[in-house]
Amino acid sequence: MSIFEYAPAPESRSIVDIRPSYGLFVDGEFADGTGTPFKTVNPATEEVLSEVATGSDADVDRAVRAARRAFTRVWGPMRPADRGKYLFRIARLLQERAREFAVLETLDNGKPIRESRDVDVPLAAAHFFYHAGWADKLEHAGLGPAPRPLGVAGQVIPWNFPLLMLAWKVAPALATGNTVVLKPAETTPLTALLFAEICQQADLPPGVVNIVTGAGETGRAVISHPDVDKVAFTGSTEVGRAIARAVAGTEKRLTLELGGKAANIVFDDAPIDEAVEGIVRGIFFNQGHVCCAGSRLLVQESVHDDVVASLQRRIGTLRVGDPMDKNTDLGAINSAEQLARIRDLTAYGETEGATCWQPEGDLPDRGFWFKPTVFTDVSPAHRIARDEVFGPVLSVMTFRTPDEAVAKANNSTYGLSAGVWSEKGSRILKITDQLRAGVVWANTFNELDPTSPFGGYKQSGYGREGGRQGLSAYLRSDF
């Protein structure tokens, strides 16, 4: 029992006006889709929030043609400095309507309002601000002489960070002079559709941004359309492979940001309390729905027991429940399908002999919920140590020497991120240089910034998003 009890501090949902139904956003206007509409639900309550249109092949073709017209006639020929002004305007509007976006993101996604308010929305605005600054400086970015936009970008984004992933994709595409056809995730389309209103409010020329909602078939239509020049996808490795096969043999440029199984390495000289906070942030942020989550904890053998005991005490203070409550640490799992996957993989962990620990406490009766979970006695061969759970499940393993830590960390088909905890700067630099991961955090975890490139190796995909390096994926140059 906690010494302190927190009174509920719910955020009001009245700031958001959710329409009973939404159409597609094509050529600057909302329009009906010709596919079968689907419902989007609040994962914390299972309440239907709205009915959303499904884009058919014909709808996608209409969106691509609108994007091509806008690229050829308006956005491509526009002065880069003027394109930057539109991005600055979008960024400011996101800031002005930040509370509205945060509430809608939490309702549609299930993540705590604290995270939507303090991380997702501010970072989304920051990406537009950052890329707005690049719009008229591309010739000085070191990306080759006379860099030019590719044309129409087809972008497919996931459900874990719906608005933030939109910003990661749309901002660099627009800054480099491309136009966009975006397909948001089926379970979280609402903030993308609210962003469409931002595009209208900013007087963005029609067709520069088009948003086509739907499920997998709609996404396939976007990435396989013959008039799409660039494909950008964030999501599962399985779907990423299918996209790579579909794009192979075409002239489409492709970037993939896929799954991860990040190692978080704690050495015996690390400050344990600080490391525990980083471990919690690494795996339980956004309910573990994070591609770069620190889901494999590697602890030096001599401090294993202390770290695990301290970690369990800290997890016991986490508050799981209503995502709209500002006190909540862990919200709802995004969907019934994802909850079933988490349960299946957790059951495998126990069957294979790992020891499962969860804090005491009840979960809400309605909605999709899973307690923060720690597995000890884990072998690198266990499925929970190999497969991406994409939920609040941590696997703990031990190591004795730095070489063993590196070997275990790199023993993965993924290579998106990693973390190192030590008081020795020389050790951190040496270990970081040996880790086969696109992003390595030192004495912190899950810190993201639009100025820093993000991406992975191996089955975590290829290409980079963010930073100067992320611009290159949307440009061609005369070498």
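User: Is Asp120 buried or exposed?

Analyst: In this predicted model, Asp120 sits in helix α4, which spans residues 113–134. Beyond its neighbours within four places in sequence, Asp120 is in contact with Glu105, Lys111, Glu115, Phe161 and Leu164. The cut-off for burial is a relative accessible area under 20%, and because the value for Asp120 is 0%, the residue is buried.

User: Which residue does the UniProt annotation "active site" cover, and in which strand is the place of that residue?

Analyst: The annotation comes from an unreviewed UniProt entry, and the residue that it covers is Glu257. In the model, the place of Glu257 is within residues 253–257, which form strand β11.

User: Does Glu257 count as buried or exposed, and with which residues is Glu257 in contact, leaving aside its neighbours within four places in sequence?

Analyst: The relative accessibility of Glu257 is 5%, and therefore Glu257 counts as buried. Once the neighbours within four places in sequence are left aside, the residues in contact with Glu257 are Trp168, Phe233, Thr234, Gly235, Cys291, Leu416, Phe454, Ser460 and Glu465.

User: How much space lies in the largest pocket, and which residues are the closest to its centre?

Analyst: The space in the largest pocket comes to about 1100 Å³. Its lining is made up of 35 residues, and those closest to the centre of the pocket are Trp159, Phe233, Gly235, Ser236 and Val239.

User: Which element gives the most to the lining of the largest pocket?

Analyst: The elements that give two or more residues to the lining of the largest pocket are α7 (216–224), β10 (230–234), α8 (237–247) and α11 (336–351). With seven residues, the element that gives the most to this lining is α8.

User: How many residues of each class are in the lining of the largest pocket, and from which domains does the lining draw at least three residues?

Analyst: By class, the lining of the largest pocket holds 15 nonpolar, twelve polar and eight charged residues. At least three residues of this lining are drawn from each of domain 1 (21–258 + 458–476) and domain 2 (263–442).

User: What distance separates the centres of domain 1 and domain 2, and how many residues does the contact take from each?

Analyst: The protein is divided into domain 1, with residues 21–258 + 458–476, and domain 2, with residues 263–442. Taken over C-alpha atoms, the centres of domain 1 and domain 2 are separated by 30 Å. The contact takes 29 residues from domain 1 and, from domain 2, 33 residues.

User: How far apart are the end C-alpha atoms of residues 34–476?

Analyst: An unreviewed UniProt entry places the feature "domain: Aldehyde dehydrogenase" at residues 34–476. Over residues 34–476 the chain is 42% helix and 17% strand, and the distance between the end C-alpha atoms is 35 Å.

User: What is the phi of Gln287, and what is the phi of Asn446?

Analyst: Most residues other than glycine have a negative phi. Gln287 lies in the loop between α9 (272–284) and β13 (296–300), and with a relative accessible area of 0% Gln287 is buried. Asn446 is found in the loop between β19 (439–442) and β20 (457–458), and at 4% relative accessibility Asn446 counts as buried. Although Gln287 is not a glycine, its phi is positive, at about 60 degrees, and Asn446, which is not a glycine either, has a positive phi of about 60 degrees.

Terms used
Residues numbered from 1 in each chain as written. Predicted model: local features only at pLDDT ≥ 70, side-chain atom pairs only at ≥ 80, totals over all residues. Heavy atoms only, no water. UniProt positions renumbered as here; feature names shortened; annotations may be inferred. Helix = DSSP H or I, 4+ residues; strand = E, 2+ residues; numbered from the N terminus. Buried < 20%, exposed > 50% of the residue type's maximum accessible area, 1.4 Å probe, protein only. Contact = heavy atoms within 4.5 Å. 1 Å grid on protein atoms, 1.4 Å probe; cavity = no way out; pocket = protein on both sides within 12 Å on 5 of 7 lines; lining within 4 Å. Points joined across faces, edges and corners; volume = space filled by probe spheres on them. Nonpolar A, V, L, I, M, F, W, Y, C, P; charged D, E, K, R; others polar. Domains from an automatic or database assignment.
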